[in-house]
Amino acid sequence: TDAVTLTRHNANLNNVSVDARLGTYFSNFNQTFDVIVANLPQKLILGENSTVDEAGAVSFGVNGGSSGNEILIELLDRAKTFMTPTSRLYIQIYSLTDHRGTLDHVLKNYDAKLLAVRHFCEDSLIQEDPEGYLTLAKRGIIDISERDGHWYAYESAYELRLKTADSK
């Protein structure tokens, strides 16, 4: 509810018309949109009892699902129904998830434009299970780096549009 309240307040301050509602994905909507903005949970959080098997599957994950990207993938699949050829969908893809899998999914379904990349420190999360995160990084599932004794991840912001006949 805080996100909806803050979205409405920010739109008011900027004289922008928005339709912000609380719900699961698009459950309360029956129309298409010019712009959709989503900032969904995507961290792949390893717990004390989590393990990574030989295939790279994580036995326990929080926020974005067991690969960290399940909630975002679900949104990407559902959003197409609520878009027109001129609609724009803005998302972030976080490197502490199966971000390559997410990007592959994006590129199969949308035309994507990279808008920005931001690096940030993730010491508190990665230090809980550095071996588990390093294992995932070595397998190419997540992307983290260590610099000056600190762990870093990044997120990339994208503008997505439905694929056109020309772009398929």
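Helices (H or I, at least four residues) and strands (E, at least two) are DSSP runs, numbered from the N terminus. The model is predicted: local features need pLDDT of at least 70, side-chain atom pairs count only at pLDDT 80 or more, and totals for chains, interfaces and linings use all residues. Residue numbers start from 1 along each chain as its sequence is written, and side-chain values use heavy atoms, with hydrogens and water left out.

**View 1. T97 in the loop between β2 and α3.** T97 is buried (under 20% relative accessible area, where over 50% is exposed and in between is partly exposed; 1.4 Å probe, protein chains only), with a relative accessible area of 0%. Its side chain reaches the backbone oxygen of Y94 at 2.7 Å. Setting aside neighbours within four places in sequence, T97 is in contact (heavy atoms within 4.5 Å) with residues including Q42, S67, N69 and I142.

**View 2. The buried residues of helix α2 (residues 70–79).** These residues are L72, I73, L75, L76 and A79. They lie on the same side of α2, because they cover an arc of only 160° around the axis, taken from the directions from the helix axis to the C-beta atoms. An α-helix has 3.6 residues a turn, so residues three or four places apart point the same way. The cover over the buried residues includes β2 (83–94), α3 (99–109), β3 (110–121) and β5 (150–162).

**View 3. The largest nonpolar core, of 20 residues.** Such a core is a set of buried Ala, Val, Leu, Ile, Met, Phe, Trp, Tyr and Cys residues joined through side-chain atoms within 4.5 Å. L76, L89, I91, Y110 and L160 touch the most other members. Two or more residues come from each of β1 (33–37), α2, β2 and β5, and α2 gives the most, with five. Beyond four places in sequence, the contacts of Y110 include L76, M83, L89 and L160.

**View 4. Aromatic pairs, three by count.** Rings of Phe, Tyr and Trp (its six-membered ring) pair if their centres lie within 6.5 Å; planes under 30 degrees apart count as stacked, over 60 as edge-to-face and the rest as tilted. The pair of F26 and F82 is stacked, because the ring centres are 4.3 Å apart and the planes stand at 15°. F26 lies in the loop between α1 (2–13) and β1 and F82 in the loop between α2 and β2, so the pair ties together parts that are 56 residues apart in sequence. Both residues, F26 and F82, are buried. F29 and F33, with centres 5.1 Å apart and planes at 85°, are edge-to-face.

Note on methods: Polar contact = N/O pair within 3.5 Å; in protein donor to acceptor, adjacent residues only side chain to side chain.
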